[in-house]
Amino acid sequence: MIQKRMKPFGLWTVLLALLFSACSSNVEDCLQDGSCGPAIQMASHDGSLPVDPYDPFWDAGPVAVEVELGPQMITNPKWPNPSTKEVTVRAVKNSSGIAIMLEWSDPTRDSNFDHSALYVDRAAVMFPVAAGEEAPLITMGESGKPVNIWQWKAVGGERGQPGVRDNPNSGLTYQTIEDLNAEGYSTLTDQNQQDVKGFAVWKNNKWRLVFHRSLTNDNANDVQFKQSVLMAIAVWNGSNKELNGQKGIAGWLLLKLG
Amino acid sequence: MPEVYNWQLGRMATYVYDEKHPKEQFTFVFNTNRCIACQTCTMAHKSTWTFSKGQEYMWWNNVETKPYGGYPQFWDWKILKMLEQSNPGQNVWNVRKTSNKAIHGVYEGVTIFEAPAKIGLNQQAIGYVPTDEEWRFPNFGEDTAHGREFTQSREGTFGGDNGTRSVLPEHKIWFFYLQRICNHCTYPGCLAACPRKAIYKRQEDGIVLIDQSRCRGYKKCVEQCPYKKPMFRGTTRISEKCIACYPRIEGLDPLTEGDQMETRCMAACVGKIRLQGLVKIGSNGEWAHDPDNPQYYLIRDRKVALPLYPQLGTEPNGYYIPSRHVPRAYSQQMFGPGVDHSIDQYMVPDRDLLGVLQLFRTTQRIIFKWKREPGPKIFETNIHGKKFEMYNDTVIGFNRKGKEIIRVTVEEPFYVRPEEHPGAI
């Protein structure tokens, strides 16, 4: 893409290439060239992270960014008309951790997965593992360019995966948060070391979901929040039989750390 | 999408992946004429593999009463209807085009893999996910017959088909039992559908398995297997399917000291309707010529055993001897155009065929080779104008190494209990 644009300029090719390589560590450049957006400005917080989706901090502190979700039309099964069209994103960090809150309308809470005709609500965020380098394709990463995916499901206890016990008032017994990697379609894999936590509440025909994790850790398969990072979002609506590639997606967005 | 050779359709057909074949293929022959629906096979399966929480509804082996039964309910009605709607009136066989490459003629309709392109569907194969209710009754419609008297007395309930029903000269009503396990297809719908590539076909025996560590319960296999044999388990949130009792196929059961064994459902068959084996696949991907193998003999050499719904296009490896008492059109829809040929031979079997038919369910070791030793003529009659002579031949089955594992005669031996031991066994 870049090469194509530079072709007529000769000398410029070299200069621009130098310029781009010099700035490759600055992921925020994607806002200028249009390869990412919108930006989500992360709020700073002195106290402990607001891990409860209805912590008053969420409605007072961070800027809420409305992100449009589009269809998944790259791989089969394609999904031209996902039922969730928009998700509101907020993010906050403190000295050690980060929390990301997704909020979307969903008139049905689909949390029963007991037989094959049922589908559950799900949502996920995705980051390039190498946050400072050229972004992998939106296709769940690509060979040699892994992504780190945090996925939530409104149902728990899968194959001993980490289940989260909800508070008794919300009616949910278990949910699942998974810390995953992928290098393209068909390659999604659970990590041995699960570092992400999270929790969702369904109230007033809305899901509010919070993922949280330490800003950095020693896991080479995890994204490290030392700078701004790219982020993508997916939402699956169970009552619309959404699962797998049948989802609403947005990406790449820019999660601004500064 | 790649084109693969499907011998059952007599033509190249669309599939998601390139053509590739195992060294041997797991196959079985079910003689529907012999089945009494005792469900012993079903329970042998159940007590071996699906007795745990979350598996209550799973019957990897089931026996359903046709035409009304089905597990899940209406599975074949539904997929045939979808196939028809994708290519109305065009899903036909051309039986004039028989050749070495098209032993049953050429299917000129579309398969489940070819139908999506016809209707602009964004998936590998047409299919659907059955409802919870459809899975609940493993033999709904049990022993419910179809025919003139029955439909006249209960018009509007079952079979209210307003005079278009099939009528047989001797049997005015009919039904039969269809025994089903996973067909371990050459071109599996489940494998094509899996977005995670968690399903694979084993190189050594063609058995199709779901990798339980890779499955994430997307249920695309449940949706796109036309035979509905992958099943979703609510407690683990992932899918399971018939594994062809592969430890037995591998000869790991200590009972036979390394001899490869038939699956549990085959070995338990009371009605002696089942014979299971492995056929060799040649380097060109086709079945190696091997008429001494009872599977090859029945399926390819004599064409007595026919695939189940070959038009679906997965090249299933379960083969059936169609029931004599069923209207031919119904059987042809189910087993393809080879039905007349199959029944003609089955009704008046020659000495070889009658011999191989004796081997069904005589040993739980896999028979790789059979041999017939001639015996005296013991019976003669006419069947539908054809002369039938029965000889008390001896039929011998051998294991992979050529060792004799079974020896039976056409006429069952008659044992007289000695007078001094009237109650002895």
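The largest nonpolar core of this predicted model comprises 109 residues, and those with the most contacts inside it are Ile149(A) and Leu308(B). Beyond its neighbours within four places in sequence, Ile149(A) is in contact with Ala124(A), Val125(A) and Met126(A), with Met140(A) and Leu188(A), and with a run that includes Glu178(A), Asp179(A), Leu180(A) and Ala182(A). In soluble globular proteins, nonpolar side chains tend to be buried together.

Chain A and chain B meet in an interface to which chain A contributes 28 residues and chain B 27 residues. About 2300 Å² of area is buried between the two chains, and carbon and sulfur atoms give 44% of this area. Across the interface of chain A and chain B, 14 residue pairs are in polar contact, with both residues at pLDDT 80 or more. On the side of chain A that touches chain B, at least two residues each are supplied by β7 (147-153), β9 (174-182) and β10 (189-190) of chain A. The interface also holds 2 salt bridges. A salt bridge joins the side chains of Asp190(A) and Arg216(B), with an N to O distance of 3.4 Å.

Within chain B, strand β2 spans residues 11-14 and contains Thr14(B). Thr14(B) counts as buried because its relative accessible area is 14%, under the 20% limit. Apart from residues up to four places away in sequence, Thr14(B) touches Met1(B), Pro2(B) and Glu3(B), as well as Phe113(B) and Glu114(B). With Glu3(B) there is a polar contact of 2.9 Å between the two side chains, that of Thr14(B) and that of Glu3(B). Thr14(B) and Gly313(B) are 299 residues apart along the chain, yet a distance of 8.5 Å separates their C-alpha atoms.

As to confidence, the predictor assigns the complex an ipTM of 0.81 and a pTM of 0.88. Chain B has a mean pLDDT of 92, and 93% of its residues reach 70 or more. Over residues 149-168 of chain B, however, pLDDT stays under 50. For these residues the model has 29 contacts beyond four places in sequence. Where pLDDT is low, the predicted coordinates should not be read in detail.

Notes:
Residues numbered from 1 in each chain as written. Chains lettered and ligands numbered in written order. Heavy atoms only, no water. Core = buried A, V, L, I, M, F, W, Y, C linked by side-chain atoms within 4.5 Å. Buried < 20%, exposed > 50% of the residue type's maximum accessible area, 1.4 Å probe, protein only. Contact = heavy atoms within 4.5 Å. pLDDT = per-residue confidence, 0-100. Helix = DSSP H or I, 4+ residues; strand = E, 2+ residues; numbered from the N terminus. Polar contact = N/O pair within 3.5 Å; in protein donor to acceptor, adjacent residues only side chain to side chain. Buried area = accessible area lost by both parts, 1.4 Å probe. Salt bridge = Lys/Arg side-chain N within 4 Å of Asp/Glu carboxyl O.
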